[in-house]
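Thanks, everyone. I will go through one structure, starting with charged pairs, then the core, then a pocket.

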Amino acid sequence: MPGEYSVITKGNDKPIGVHTFAVEDTGEQLRLETAASFDVKFLFIKAFSYRHQNTEVWRDGCLSSIDAVTDSNGKEQTVRGRRDGGDFELARTDGPKTLPGCVQTFAYWNPAVLESEQLLNSQTGDYEPVTVTYDGPDQVSLTGKTIEAVRYTLGTRGGDITLWYSRDNLTWLGLEAPAKGGRTLTYRPVSVPAGIDDGRVVAQND
């Protein structure tokens, strides 16, 4: 199951915050609770702050509801919506919108995003076109272990996001994404996620 992911700036490897993901499976639905808290400092002065709280409910592989609030450096945005019949009724800071069909968010923990052509941005409420490219096998280092993985590129309007999943069961292992100021955000779990097959741990690093 998803858990806590550390977030660092790749340029200097200094941690800037934590993004937590918790998914509860009741058998009838999946409930996601996620929270992010980032602070970027320059010469000990806070240059950028980011806070994000999001609750999503999923049924039959589709988003059933979303309730998200984001404070990005003092600018607050809300995204709330419910599936009503065959459509998804969305209320955003910028105004309402109706989305047809099965809607999915940028839920990296859910490997079904790898089959999507559009994804809902839980911060802005934009329904964004995406492309997915399989890049092949790879390896990911986590907490002293090297794990067999597969790598994908998720193409978005904001730039390419690199995603890693375990090779055996597509458990999410992390990502790299472009950020403001030419930085790169890197997500890695703070521990090896549950469900990783020990046979896919190819090395124990000292």
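Start with Glu 33, which is partly exposed at a relative accessible area of 34%. For accessibility I use a 1.4 Å probe on protein chains only: buried is under 20% relative accessible area, exposed is over 50%, and partly exposed is in between. Before going on, the ground rules. This is a predicted model, so local features need pLDDT of at least 70 and side-chain atom pairs count only at pLDDT 80 or more, while totals for chains, interfaces and linings use all residues. Residues are numbered from 1 along each chain as its sequence is written, and side-chain values use heavy atoms, with hydrogens and water left out.

Back to Glu 33. Its salt-bridge partner is Arg 31, with the closest N and O atoms 3.1 Å apart. A salt bridge here is a side-chain nitrogen of Lys or Arg within 4 Å of a carboxyl oxygen of Asp or Glu. Arg 31 is also partly exposed, at 32%.

How many salt bridges does the structure hold? There are 9. One of them joins the side chains of Asp 67 and Arg 80, at 2.8 Å from N to O. Asp 67 is in strand 5 (residues 62-72) and Arg 80 in strand 6 (residues 75-84), so this pair ties together parts 13 residues apart in sequence. Strands are DSSP runs of E, at least two residues, numbered from the N terminus. Both residues are partly exposed: Asp 67 has 31% relative accessibility, and Arg 80 has 38%.

Another salt bridge is between Asp 135 and Arg 151, at 3.7 Å from N to O. That pair links strand 11 (residues 131-142), which holds Asp 135, to strand 12 (residues 145-156), which holds Arg 151; the two residues are 16 apart. Asp 135 is partly exposed at 29%, and Arg 151 is partly exposed at 24%. There is also a salt-bridge network, made of Arg 92, Asp 126, Glu 128 and Arg 157.

Now a residue on the buried side. Thr 34 lies in strand 3, and at 6% relative accessibility it counts as buried. A polar atom of the Thr 34 side chain lies 2.9 Å from the backbone oxygen of Thr 20. Beyond four places in sequence, Thr 34 touches His 19, Thr 20, Phe 21, His 52, Gln 53 and Asn 54, where contact means heavy atoms within 4.5 Å.

Next, the core. A nonpolar core is a set of buried Ala, Val, Leu, Ile, Met, Phe, Trp, Tyr and Cys residues joined through side-chain atoms within 4.5 Å. The largest one has 39 residues, and those touching the most other members are Tyr 108, Leu 163, Tyr 165 and Trp 172. Strand 3 (residues 30-42) supplies the largest share, 4 residues. Another core, of 7 residues, lies apart from it and includes Val 140, Ile 147, Leu 173 and Ile 196.

The largest pocket holds about 1200 Å³ of space. On a 1 Å grid over the protein atoms alone, a pocket is an open set of points where a 1.4 Å probe fits, with protein on both sides within 12 Å along at least five of seven lines; lining residues have an atom within 4 Å of a point.

Methods. Polar contact = N/O pair within 3.5 Å; in protein donor to acceptor, adjacent residues only side chain to side chain. Points joined across faces, edges and corners; volume = space filled by probe spheres on them.
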